[in-house]
Amino acid sequence: MGLHMIQGVKIPEDFNLPQRACSAHIEQDALLFDKALETIKKHNVFLIAHYYTSDIMQRLAEASGGFIGDSLEMARAGRDSSCDTIAVAGVRFMGETAKILSPHKTIIMPDLSAECSLDLCCDIEDLKRVKAEHKNAVLVSYANTSAQVKAISDWVVTSSLAVELADYLKKIGKDILWVPDKNLGSYIANSANVDIYCWPGKCIVHDAFLGNSLKYMKDEHKQAKVLVHPESPSDVIELADFVGSTSQILNYVKASNASEFIIATERNIFYKIKQACPEKVLYQAPIASNQGQCISCANCPWMELNSLEKLIKAIENPLDFCINIEQNVCNEAVKPLNRMLNFSALLKSGKELPLDL
Ligand code: SF4
């Protein structure tokens with residue numbers, strides 16, 4: 001049992017990151033709050049924002065009666081909304097997932113060039129070749145992948161369900177071909193003690209958390225609980241009191257008796273944590289730097305592309321900002337997504353899982 005890293009696939013060395021938002025831009029965006037709210041209401045749009053978008057975008061989602069959540073929760077909320085137009089503030093795979101689950105709705109995004117390094121690490125032609133070389137394994141794709149990748153996958157899964165799914169697949173005697181996150185793949189292999197053929201992709205934000213520096217931080221804040229997202233490197237995960245998805249980290253802080261937390265995930269989750277637990281003290285886990293420059297500052301540069309200014313423009317010009325997916329890709333991609341939703345519902349119900357899901 002263990003981790004088998006896949007060799008010979010294309011992983012970008014440099015992700016061509018977008019320019020960071022400057023403070024003037026952020027201030028200007030804040031001035032557009034009322035206009036954005038009015039535009040959402042006028043056009044009857046349902047706004048769903050990821051936890052990693054800016055505070056102001058999350059506040060707008062709340063004020064407009066929209067939704068804030070992780071990628072799966074977002075897609076579910078979009079599907080269940082009575083609005084015909086859904087605005088997704090997040091990155092492209094999130095918009096695509098919303099479209100796959102709601103093919104008849106118009107899904108718009110403030111910036112269609114908002115990428116995710118994990119999605120960019122998973123070239124579809126490479127994946128078709130590797131899949132053909134691992135015929136006996138089931139292809140399990142992380143939600144952070146393109147519609148095309150989902151369309152050829154047996155399962156799609158979020159970080160909150162990944163270990164449970166690996167346990168299930170082990171029980172029914174299946175090996176796993178896992179794409180695209182190497183750190184999450186390694187975490188799943190260790191937690192579920194399964195054989196995983198693992199794609200070597202990474203999230204540029206979570207992969208930059210540093211185990212060595214985290215040890216020093218733990219020593220300085222001995223009372224603090226360390227909460228880590230499983231896209232982080234294994235030496236960071238080893239230091240964790242709790243490993244979980246962004247939603248699970250939020251819920252952990254809410255339920256915990258502890259008063260201090262060191263958190264290794266995207267820093268915009270602090271908005272929801274502080275809102276729920278204003279008395280608790282939060283520390284951002286240390287991040288690697290390159291030649292004196294912080295690599296991500298625990299802040300996703302693509303999420304930052306979701307400004308209110310662009311959102312207003314997208315709502316007023318939906319045809320220029322909508323997600324389109326080929327019908328056959330949509331038809332195939334919805335199958336593993338529905339499988340995951342079904343799996344998630346069965347787990348929650350506490351019923352025994354059938355062996356033929
Ligand atoms: S934080 Fe990482 S996984 Fe999330 S969208 Fe950004 S690059 Fe992708």
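The crossing of helices α2 and α15 is left-handed, meaning that the near helix is turned anticlockwise from the far one by less than a right angle (clockwise would be right-handed). Keep in mind that this is a predicted model: local features need pLDDT of at least 70, side-chain atom pairs count only at pLDDT 80 or more, and totals for chains, interfaces and linings use all residues. Residues are numbered from 1 along each chain as its sequence is written. Helices (H or I, at least four residues) and strands (E, at least two) are DSSP runs, numbered from the N terminus.

**Helix α2 against helix α15**

- The axes of α2 (residues 33-42) and α15 (residues 308-316) come within 10 Å and cross at roughly 25 degrees; axes are lines fitted to C-alpha atoms, for helices over the stretch in contact, and angles run from 0 to 180 degrees between N-to-C directions.
- α2 and α15 are therefore roughly parallel to each other (under 35 degrees is roughly parallel, over 145 roughly antiparallel, 65 to 115 roughly perpendicular, and the rest oblique).
- On the α2 side, the contact uses Phe-33, Lys-35, Ala-36, Thr-39 and Ile-40, and α15 brings Leu-308, Leu-311, Ile-312, Ile-315 and Glu-316. Residues are in contact if their C-beta atoms, placed from the backbone, lie within 7 Å.
- Sorted by class, that contact of α2 with α15 has 7 nonpolar, 1 polar and 2 charged residues. Here Ala, Val, Leu, Ile, Met, Phe, Trp, Tyr, Cys and Pro count as nonpolar, Asp, Glu, Lys and Arg as charged, and the others, Gly among them, as polar.

**Helix α5 against helix α16**

- α5 (residues 92-101) and α16 pack at an angle of about 95 degrees, with their axes 9 Å apart.
- That makes α5 roughly perpendicular to α16.
- Thr-97, Ile-100 and Leu-101 of α5 meet Cys-330, Ala-333, Val-334 and Leu-337 of α16.
- This contact of α5 with α16 has 6 nonpolar residues, 1 polar residue and no charged ones.

- An open sheet is formed by 5 strands in the order β1-β9-β8-β6-β7, with parallel pairing; two strands pair if DSSP finds at least two bridges between them.
- At the edges sit β1 (3-5) and β7 (155-157), each pairing on one side only.
- Neighbouring strands of this sheet are turned by 30 degrees against each other on average, direction ignored.
- β6 (residues 137-142) pairs with β7 in the parallel sense over 3 bridges, and Ser-141 has Val-156 of β7 as its bridge partner.
- Helix α10 (residues 182-192) packs on the sheet, touching β1, β6, β8 (175-179) and β9 (196-198), and its direction makes about 170 degrees with that of β9.

- Most residues other than glycine have a negative phi, and most peptide bonds are trans.
- The peptide bond from Val-179 to Pro-180 is cis, with omega near -10 degrees; Pro-180 lies in the loop between β8 and α10.
- Asn-193 has a positive phi, near 50 degrees, and is found in the loop between α10 and β9.

**Domains**

- The chain is assigned domain 1 (3-14 + 118-203 + 330-349), domain 2 (23-116 + 303-328) and domain 3 (206-294); the bounds come from an automatic or database domain assignment.
- The centres of domain 1 and domain 2, taken over C-alpha atoms, are separated by 26 Å.
- Their contact takes 15 residues from domain 1 and 16 residues from domain 2.
- On the side of domain 1 that touches domain 2, α6 (117-120) and α16 (327-349) are the elements giving two or more residues, and α16 gives the most, with 6 residues.
- The residues on that side of domain 1 divide into 8 nonpolar, 5 polar and 2 charged.

How values were computed: Contact = placed C-beta atoms within 7 Å.
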